[in-house]
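Visitor: I am new to this structure. Please take one part of it and walk me through it closely, starting with the stretch that the domain annotation covers.

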Amino acid sequence: MDFHDYLLKQSEPILKEIYQSPFVKGIGFDNLSQQQRDYYVAQDTYYTDMFSHLFDLTTDKLTSRQQADQPQSLDESLAHDALLASPNMLNIPPDDHNLAYLNHMKTAITNGDATNAMLALLPCTESYHFIGKHYLKTTQHNTYLPWLEYYSSPAYQAFTQWSWQVVDAQNPNWQNLASDIKKQYLHTYLTSYQYELSFWEHAAQQ
Ligand SMILES: Cc1ncc(CO)c(N)n1
């Protein structure tokens with residue numbers, strides 16, 4: 001088993017909660033209010049802007065081979081457009097859970113090694129790909145189909161697979177990791193997953 005498969009087993013319960021969270025179901029079953037979409041797109045626009053900066057900091061820690069293999073970076077404004085937000089989103093400031101999530105990633109990336117940095121970002125990348133695939137065929141004539149298509153697209157999949165390959169190559173003998181290091185990696189990864197869940201939960205509460 002590769003390291004990312006082991007990690008996925010650990011995050012599976014949270015991923016299942018994410019699938020069942022009301023906003024994610026709202027995307028899958030075409031059932032979201034304008035207010036929920038405005039809030040989510042406002043939060044996520046802020047988040048993805050910061051994420052690209054954090055991603056660049058992480059890339060600096062990788063080998064030049066890994067950097068060269070990185071697929072073209074993606075323009076998530078296409079996914080945001082698919083949620084049809086109103087201009088009211090411009091009045092919504094970044095919320096505390098969002099800032100706390102970004103702060104967690106920044107700390108893990110600044111203070112940690114290359115694996116720790118990748119694991120702070122991985123839940124973000126992989127969970128959206130799983131959500132896209134999970135709900136792609138759920139509802140006919142779904143208003144939000146372009147959102148699901150974006151995250152299940154070959155380009156997004158390539159980005160997810162590249163992330164897995166990097167994490168696996170960094171830890172070919174992950175079973176032999178010192179237990180405190182393994183604990184730290186898991187903590188970084190699962191904390192990001194918990195923040196992903198919380199991001200969705202807040203969006204549904206609007
Ligand atoms: C909160 C969050 N996590 C992950 C992604 C996927 O990039 C996103 N757009 N937003």
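Guide: First, a term: helices are DSSP runs of H or I with at least four residues, strands are DSSP runs of E with at least two, and both are numbered from the N terminus. Residues are numbered from 1 along each chain as its sequence is written. This is a predicted model, in which local features need pLDDT of at least 70, side-chain atom pairs count only at pLDDT 80 or more, and totals for chains, interfaces and linings use all residues.

Now the stretch itself. An unreviewed UniProt entry annotates residues 90-203 as "domain: Thiaminase-2/PQQC". UniProt positions follow the numbering used here, feature names are shortened, and annotations may be inferred rather than shown by experiment. Residues 90-203 are 77% helix and 0% strand. The end C-alpha atoms of this stretch are 16 Å apart.

Look next at helix α8, residues 145-152. W147, L148, Y150 and Y151 are buried there. Buried means 20 or more other C-beta atoms, placed from the backbone, within 10 Å of a residue's own; exposed means 12 or fewer, and partly exposed lies in between. Seen down the axis of α8, the buried residues fall within an arc of 155 degrees, so they line one face of the helix. That arc is taken over the directions from the helix axis to the C-beta atoms. The face packs against α2 (22-28), α5 (77-81), α7 (114-135) and α9 (154-170).

H141 sits in the loop between α7 and α8. H141 is exposed, because 6 other C-beta atoms lie within 10 Å. Its phi is positive, about 55 degrees, although H141 is not a glycine. Most residues other than glycine have a negative phi.

Move on to the loop between α9 and α10, where W174 is placed. W174 counts as buried because it has 20 C-beta neighbours inside 10 Å. Leaving aside neighbours within four places in sequence, W174 is in contact with F3 and Y6. Contact means that the C-beta atoms, placed from the backbone, lie within 7 Å. W174 and F3 are 171 residues apart along the chain, yet their C-alpha atoms are separated by 6.2 Å.

Last, the ligand. The residues around it are D44, Y47, T48, E76, C124, Y128, E196 and F199. Each has its C-beta atom, placed from the backbone, within 6 Å of the ligand. α3 (34-59), α7 and α10 (179-204) each give two or more residues to this shell. α3 gives the most, with three.

How values were computed: Two residues are in contact if their C-beta atoms, placed from the backbone, lie within 7 Å.
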